[in-house]
Amino acid sequence: MRRLRFAFVSVLFLQGAPTFVAVQPEVFGAGANFTNAWADFDGDGDFDLFVGFNGTPNRLYRNDKGTFTDVAVAAGVADARATRAVAWGDFDSDGDSDLLVGFTPGAESLLKLYRNTGGKFVDVAREVGVARDSGAVRQPAFVDFDGDGDLDLFVAFRDRANMLFRNTNGLFADVATAFGIADKRKTVGAVWIDYDEDGDLDLYASNMDGDANGLFRNDGTTFTDVAESAGVAWGNRKPGDPTNGTVRPCAADVDGDGHLDMATANYGPNGLFLNRGGGRFENASATWGFDIDSRYDACAFADYDNDGKLDLYVNGTVSGTTSYRDYLFHQVNGRMVDVTPDNIKALHADHGVQWADYDGDGDLDLALTGTRADGMHALLRNDHAGAAQSISVRVVDAAGRAVRAGAEIRVRNSRTQALLGTRHMDTGSGYDSQNDMPVHLGVGAVTQVDVEVVFPAGGRRVVVRQRGVNVAQYKGRWLTVRTSALPAAGAKPDPRV
């Protein structure tokens, strides 16, 4: 305990307590919202924010150099329906971010797939084959699971079999049963990673009400659940306890060894699992000080102070009149230390949590949602005053299309080749959401880096390297790396490249 207390004091002394300041609170003040996600939907070089509400009109905030305006009505996405899920992805390969929104059951389809045409959105869910009329929608994710160069769509359900829609020339067909991934357990969260580094994307799905989690290894023509043998079936919660469950899995290289680890936000003790290779994970929840036993809705990794080590935000849930508190953990000497500012502790935040450098100043800001009517959907500016630097990296295919969700980005010191960090392009994040934006890597005082991108593509691990990148040159914008995999015929480039 003395050592932990010293670490906490040291981090505050050396770096200062983290400071987050509310942005446009008169705009981001309304409560009763579940999910949020970022994308540059208008292609102007900054990140815009979608927020899904619980029956009042959803909002799409256009970012104009750090000032936000709700344009959902004009854009055509202001649905006044209880919303539970959102994912951004370029499903039609035309170079802009399209939008999938998942709702509670009603007169219309549970899923709307909005095609983006010049910043205006039109629902094409029935036209392309993803409309569904029943089910409790949870995690959606645009991923290229079969490595054919376009984005397929996974959708988790809490009360029916999960779905996997294969994309063929912009039309979707559910192939979940054929691939052995139509899991009927109570799935509420999911993330796709190449955990065994064999060149294809695997699925870690989190389940509630005492159901075990699933780790579905992609074997090319089928998926096999290996969660038990890999050591992640229960996510550090009590096996079989119907009051326990995993709401959100998060993938990140927590310990800086270049391999993707996983965290679980649970009803029950939270979990942290380090990837030890060979298809096995080590449960490090207790040794890292992360096994707090409470009720949590989401986790989100970020290096908020750009020191090169991943920190972690965890949302407590809101149940009745009880608001389980949120935590901002700072990584210090192989432990997670609570450094949550008082103004964040005071918020009734739960479910939605996202990190994004909305103002282009080089550090990550925090966006939250709150399901209580007296809650909020706060945007909090990170006022970290340190001198540490960062770089943001966007990965596209050879034609410039953003269809590389699941890519791994590693950054090394150009001079020493020391690994500074590994990040993972979003394949499921926050609460039932997916962003379409670059990854952010803190590099401390290093001024020149080598960037390596590894993309799993149908049993191959495509590797692209860019050496001698000047970090200062990319402050306020991102480095775009094109992968070498061949694009689909007729592909259109991303205009932001």
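In this predicted model, Asp64 stands opposite Thr67 of strand S5. Strands here are DSSP E runs of at least two residues, and helices are H or I runs of at least four, numbered from the N terminus. S5 covers residues 67-70 and is joined to S4 by four bridges, with the two strands antiparallel. Two strands count as paired if DSSP finds at least two bridges between them. The S4 and S5 hairpin has two residues between its strands, and Lys65 adopts a positive phi near 55°. Val51 faces Arg59 of S4. This hairpin has five residues between S3 and S4, and Gly55 in the turn has a positive phi of about 125°.

Residues are numbered from 1 along each chain as its sequence is written, and side-chain values use heavy atoms, without hydrogens or water. Because the model is predicted, local features need pLDDT of at least 70 and side-chain atom pairs count only at pLDDT 80 or more, while totals for chains, interfaces and linings use all residues.

An open sheet is built from five strands in the order S9-S8-S7-S6-S34, with mixed pairing. S9 (120-123) and S34 are the edge strands; each has a single partner, so one side of each lacks a neighbour in the sheet. S8 (residues 111-117) runs antiparallel to S9, and four bridges join them. Thr117 stands opposite Lys120 of S9.

The largest nonpolar core has 24 residues, of which Ile391, Val393, Ile409, Val449 and Val451 touch the most other members. A nonpolar core is a set of buried Ala, Val, Leu, Ile, Met, Phe, Trp, Tyr and Cys residues joined through side-chain atoms within 4.5 Å. Buried means under 20% relative accessible area, exposed over 50%, and partly exposed in between (1.4 Å probe, protein chains only). Two or more residues each come from S31 (389-396), S32 (408-413), S35 (439-444), S36 (448-457), S37 (460-470) and S38 (479-482). S36 gives the most to this core, with five residues. Beyond residues up to four places away in sequence, Val393 touches Ile409, Pro438, Val439, Leu441, Val451, Leu479 and Val481. Contact here means heavy atoms within 4.5 Å. A second, separate core of 22 residues includes Leu110, Ala125, Val137 and Met163.

Across the whole structure, 25 salt bridges are found. A salt bridge requires a side-chain nitrogen of Lys or Arg within 4 Å of a carboxyl oxygen of Asp or Glu. Arg185 and Asp225 form one, at 3.0 Å from N to O. These residues lie 40 apart in the chain: Arg185 is in the loop between S13 (171-174) and S14 (187-193), and Asp225 is in S17 (residues 223-225). Arg185 is partly exposed, at 22% relative accessibility. Asp225 is partly exposed as well, with a relative accessible area of 35%.

Asp436 pairs with Arg394 in another salt bridge, with the closest N and O atoms 3.4 Å apart. Asp436 sits in the loop between S34 (433-434) and S35, and Arg394 in S31, 42 residues apart. Both residues of the Asp436 and Arg394 pair are buried.

Glu452 and Arg465 also form a salt bridge, the closest N and O atoms being 3.0 Å apart. Glu452 belongs to S36 and Arg465 to S37, so the pair ties together parts 13 residues apart in sequence. Glu452 is buried, with a relative accessible area of 14%, whereas Arg465 is partly exposed at 49%. Salt bridges with shared partners connect Asp194, Glu408, Arg410, Glu452, Arg461 and Arg465 into one network.

Asp305 lies in the loop between S22 (293-302) and S23 (311-316). Asp305 is buried yet has no salt bridge, and the nearest side chain of opposite charge, Arg423, is 8.5 Å away. For charge, Lys and Arg count as positive and Asp and Glu as negative; His and the chain ends are not counted. The side chains of Asp305 and His330 are joined by a polar contact of 2.6 Å. A polar contact is a pair of N or O atoms within 3.5 Å; within protein, one must be able to donate a hydrogen and the other to accept it, and residues adjacent in sequence count only if both atoms are side-chain atoms.
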